[in-house]
Amino acid sequence: MAKLNEQEFKKEMASNELRPLYVIYGDEKYLVKKYTQALIRKAVGKTPSEFDYFQLRSDTTLGEIFDASQQISMFSEKKCVNVIDYDINSLSDSDMKELESFFPEISPSTVLIFSMPTYDTSAKKKKDGKGKSKLSKFLSAAEKHGTVLELSKMSDSALEAQLVKWAEKNDAKLSRANASRIISMTGTDMNSLKNEIDKLSAYANGGEITDEIIKLLCVKNSETKYYNLSKYLAKRDYNSTYAELDLLFGQNERPEIILSAISSAFIDFYRAKAAMESGVSITQAAKDLKYGNREFVLKNASYTAAKYSSVTLQKILDAILETDIKMKSTRNDSRILLETLIAKILLIMKEDDA
């Protein structure tokens with residue numbers, strides 16, 4: 001029937017014409033949970049009877065889904081069946097065909113929801129026996145007979161606006177600039193951001209969430225810590241780089257993850273440098289390299305990449321690869337390997353000035 005975006009889905013909900021089948025999934029897990037709960041309330045109310053609302057988990061069988069969907073509603077106009085994080089990739093070809101044939105048979109009085117609040121969307125890359133993504137096949141079948149809602153990650157601008165709205169609902173004030181600051185510290189996960197806004201609003205106690213409050217209470221996530229390490233390294237800030245590395249080890253961060261973060265940063269630098277030297281715009285390069293709504297990562301990388309030659313960046317990537325091989329194949333202390341790598345990178349950068 002339809003694949004809708006967020007605004008179109010809201011209009012469908014407002015129309016009071018619920019379809020028998022819904023699939024709600026995507027990278028933005030907070031919104032997946034939010035709209036699943038809203039749809040359930042729309043179908044069977046805030047406190048549905050156990051006879052009219054069924055919640056099934058990922059390991060449920062097709063038979064259980066069919067049985068729950070075919071039961072007659074007892075106390076509500078609608079009956080709702082919510083299947084959470086169903087393991088699409090475990091379905092055989094015959095199971096998929098059976099599921100597809102069931103979709104058009106769902107009773108008009110039933111609202112069957114396949115909700116994926118923790119489902120890894122990278123699973124869509126897994127193929128069936130014919131080389132086609134099982135998730136893609138499932139979504140295509142669902143789209144023919146119901147509504148599919150994909151909720152992608154918000155842009156930074158949209159996230160900033162959302163944080164301001166959350167603060168207002170908590171009777172607090174938040175500027176867009178400070179909303180941006182919170183995102184830079186906490187990351188883009190909306191569940192984490194909502195928790196941070198609730199905490200900061202409570203501390204502000206009806207006032208403004210200031211820069212001082214954010215510095216005092218806002219928790220930096222691991223992604224931000226890794227970013228800071230790479231940022232200090234790119235700036236050749238020796239003391240801050242080793243201090244950040246010491247902080248990460250003090251918090252028991254895994255050495256291979258730290259190395260991966262350094263590697264990712266310098267791969268971005270190298271890609272940005274290659275794009276500039278080839279006369280390709282950063283926007284086009286981000287599109288070609290499938291950065292999606294993370295174009296800003298490559299754009300930010302271009303500012304650092306402009307300071308170094310492609311030869312220098314290639315030498316740094318070679319040093320990172322050498323460290324990765326040693327970390328995986330020897331018993332050398334991982335911390336010593338990382339500290340040595342940082343020293344090598346700083347030396348390579350210094351040679352670039354010569």
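Q: In which strand is Ser115 placed, and is the residue buried or exposed?
A: In this predicted model, Ser115 belongs to strand β5, which covers residues 110-115. Burial is read from relative accessible area, where values under 20% count as buried; Ser115 has 3% relative accessibility and therefore falls in the buried class.

Q: Which residues is Ser115 in contact with, leaving aside its neighbours within four places in sequence?
A: Contact is read from heavy atoms within 4.5 Å, and on that basis Ser115 is in contact with Ile24, Val32, Thr36, Asn82, Val83, Ile84 and Asp85. With one of these residues, Thr36, the side chain of Ser115 makes a polar contact through the side chain of Thr36, at 2.8 Å.

Q: Which residues form the nonpolar patch on the surface, and where does Phe51 lie?
A: The patch is made up of Phe51, Met74 and Phe75, which together have about 370 Å² of accessible area. Phe51 is found in the loop between α2 (29-44) and β3 (53-56), and because its relative accessible area is 42%, Phe51 counts as partly exposed.

Q: How many residues does the largest nonpolar core have, and which have the most contacts inside it?
A: That core has 41 residues, with Leu163 and Ile182 having the most contacts inside it. Elements giving two or more residues to this core include α1 (6-14), β2 (21-25), β5 and α6 (156-169), while α2 gives the most, with nine residues.

Q: Which residues does Ile182 touch, not counting those up to four places away in sequence?
A: Ile182 touches Leu163, Leu174, Gly187, Leu193, Ile197, Leu200, Ile214 and Cys218.

Methods
Residues are numbered from 1 along each chain as its sequence is written. This is a predicted model: local features need pLDDT of at least 70, side-chain atom pairs count only at pLDDT 80 or more; totals for chains, interfaces and linings use all residues. Side-chain values use heavy atoms; hydrogens and water are left out. Helices (H or I, at least four residues) and strands (E, at least two) are DSSP runs, numbered from the N terminus. Buried means under 20% relative accessible area, exposed over 50%, partly exposed in between (1.4 Å probe, protein chains only). A polar contact is a pair of N or O atoms within 3.5 Å; within protein, one must be able to donate a hydrogen and the other to accept it, and residues adjacent in sequence count only if both atoms are side-chain atoms. Patches are made of residues with over 30% relative accessible area and no salt bridge: like charges are joined within 9 Å, nonpolar side chains (Val, Leu, Ile, Met, Phe, Trp, Tyr) within 5 Å. Accessible areas come from the Shrake-Rupley method with a 1.4 Å probe; for residues, only the protein chains shown count as cover. A salt bridge is a side-chain nitrogen of Lys or Arg within 4 Å of a carboxyl oxygen of Asp or Glu. A nonpolar core is a set of buried Ala, Val, Leu, Ile, Met, Phe, Trp, Tyr and Cys residues joined through side-chain atoms within 4.5 Å.
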